[in-house]
Amino acid sequence: MRTRVGIIGAGPAGLLLSHLLHRQGIDSVVLELRSRDYVEQRQRAGILEHGTAEVLRASGAGERMDRQGLPHEGIELRFDGRSHRIDLTAGTGGRSVMVYAQTEVVKDLIALREQAGGAVLFGAEALSVDGVDTTAPSIRYRHGGAERTLDCDIVVACDGFHGIGRRSVPEGLLTVSERTYPFAWLGILADVPPSCDELVYAHHARGFALHSMRSPRVSRLYLQVDPADSTDNWPDERIWDELDTRFTTDGAWRLGRGPITEKGITPMRSFVAEPMRHGRLFLAGDAAHIVPPTGAKGLNLAVADVTLLARALAHWHIRQDETLLDGYSETALRRVWRAEHFSYTMTSLLHTDPGATDFDRRLQLSHLRYIASSGAASASLAENYAGLPVV
Ligand code: APR
Ligand code: PHB
């Protein structure tokens with residue numbers, strides 16, 4: 001099989017790239033290890049930056065998002081038993097975010113690729129990327145029990161943190177920067193209307209908690225836990241009791257409870273591999289970088305990467321001009337590092353670090369109070385949260 005752009009991974013990065021390339025008349029094939037069902041059911045993040053929603057809309061992939069997504073113009077920081085609203089719109093000249101689950105974005109993109117007759121091969125495991133130093137790279141993959149080769153002009157690894165794309169770059173050519181955190185998130189999905197209109201990010205001596213949502217009837221909630229903890233230690237009652245404690249306010253606010261339909265623990269890490277290119281192999285999304293989820297940036301970075309890359313590939317395809325492709329890594333990494341800093345800051349601001357000294361805790365509280373009381377500080381948080389323009 002032969003295509004212009006071989007894409008590994010049908011997460012948001014790979015699917016959106018294939019969709020954007022199709023709109024420019026560029027042929028691609030997406031190879032995805034998992035089944036369509038698995039990819040469409042996998043629970044992930046749910047906040048789209050202003051610019052991410054615009055990219056989806058402009059490419060014809062925003063129709064259901066605009067019907068079913070929940071536009072949010074603020075978030076709440078909760079600490080010391082009090083609520084503090086951060087106005088996203090006032091702080092950013094009118095930008096806002098959209099609450100719309102990543103799994104829904106993935107479903108919409110798969111449907112669009114299907115309608116256009118695009119090639120997305122599920123159950124296709126990429127085994128190696130070869131010839132990236134030549135003008136004829138290829139992907140060796142296994143599909144339906146047989147090993148095959150996909151010949152390409154360009155290979156894009158959108159295969160997430162554990163994929164093979166990044167590992168196909170010859171040893172020693174990537175610089176890796178990373179940090180792990182002494183906490184993880186226990187996330188639940190519950191059939192109960194959200195107890196708030198906007199997301200609540202709570203800092204408590206017992207740890208961080210987040211109240212998010214998926215729809216007017218489904219809530220998504222998170223608790224900071226130890227990375228070695230297991231969901232076996234968290235029966236439903238214990239989760240609700242702990243959420244109650246961490247969300248406590250001096251006022252009349254109450255957290256509604258309902259049946260928990262999903263429970264999982266996710267580790268937190270910061271990771272950047274650079275450059276995001278080697279020869280004819282490009283890296284995009286989680287394949288190149290990971291952020292802790294506190295800043296809600298993972299999906300948004302993946303969308304920003306492939307938006308840049310689709311534009312660069314169109315220049316190369318239509319005008320035989322490689323300038324934008326040559327600049328891809330540097331341009332993408334500028335945004336990646338901004339998001340790394342913001343995600344690290346939000347994480348350190350809101351979590352309870354078991355190794356913190358009293359001095360650290362006093363600084364943390366002072367930082368929270370500064371953001372809650374200063375227009376300049378809250379506008380800075382809002383600017384990063386709602387996101388800078390994509391291109
Ligand atoms: N062959 C084929 N597909 C693979 C392989 C392989 N060897 N290895 C991994 N994959 C697939 C995975 O099954 C997954 O569907 O690549 C896809 C990568 O998708 P994501 O992990 O969703 O990554 P990305 O598209 O970059 O999206 C980033 O996802 O993890 C969240 O927080 C992150 O929201 C962000 C978003
Ligand atoms: C989510 O809804 O899953 C979510 C929201 C905000 C975050 C992280 C996750 O910062």
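Start your tour at strand E15 (209-215), which gives the most residues, 3, to the shell around ligand 2. Strands here are DSSP runs of E with at least two residues, helices are runs of H or I with at least four, and both are numbered from the N terminus. Before you click on, note that this is a predicted model, where local features need pLDDT of at least 70, side-chain atom pairs count only at pLDDT 80 or more, and totals for chains, interfaces and linings use all residues. Residues are numbered from 1 along each chain as its sequence is written, chains are lettered from A and ligands numbered from 1 in the order in which they are written, and side-chain values use heavy atoms, with hydrogens and water left out.

**Stop 1: ligand 2**

Select everything around the ligand and you'll have 15 residues, with Tyr-201, Ser-212, Arg-214, Tyr-222 and Pro-293 coming nearest. A residue is near if one of its heavy atoms lies within 4 Å. The shell splits into 9 nonpolar, 3 polar and 3 charged residues. In that count, Ala, Val, Leu, Ile, Met, Phe, Trp, Tyr, Cys and Pro are nonpolar, Asp, Glu, Lys and Arg are charged, and the others, Gly among them, are polar.

Next, zoom in on the oxygen atoms of ligand 2. A polar side-chain atom of Tyr-222 is 2.6 Å from one. Show the side chain of Arg-214 and you'll find an N or O atom 2.8 Å from a ligand oxygen.

Ligand 2 lies between domain 1 (5-72 + 98-177 + 269-346) and domain 2 (181-268 + 355-386), because both give residues to its shell. The bounds come from an automatic or database domain assignment.

**Stop 2**

Most residues other than glycine have a negative phi, and most peptide bonds are trans. Go to Glu-274 and Pro-275, joined by a cis peptide bond with omega about 0 degrees. Pro-275 sits in the loop between strands E17 (260-274) and E18 (277-278).

Then pick Ala-296, whose phi is positive, about 55 degrees, in the loop between strand E20 (289-290) and helix H7 (298-319). Finish at Gln-320, with phi near 50 degrees, in the loop between H7 and helix H8 (323-350). Buried or exposed? Ala-296 is buried at 15% relative accessible area, while Gln-320 is exposed at 61%. Buried means under 20%, exposed over 50%, and partly exposed in between (1.4 Å probe, protein chains only).

Note on methods
A polar contact is a pair of N or O atoms within 3.5 Å; within protein, one must be able to donate a hydrogen and the other to accept it, and residues adjacent in sequence count only if both atoms are side-chain atoms.
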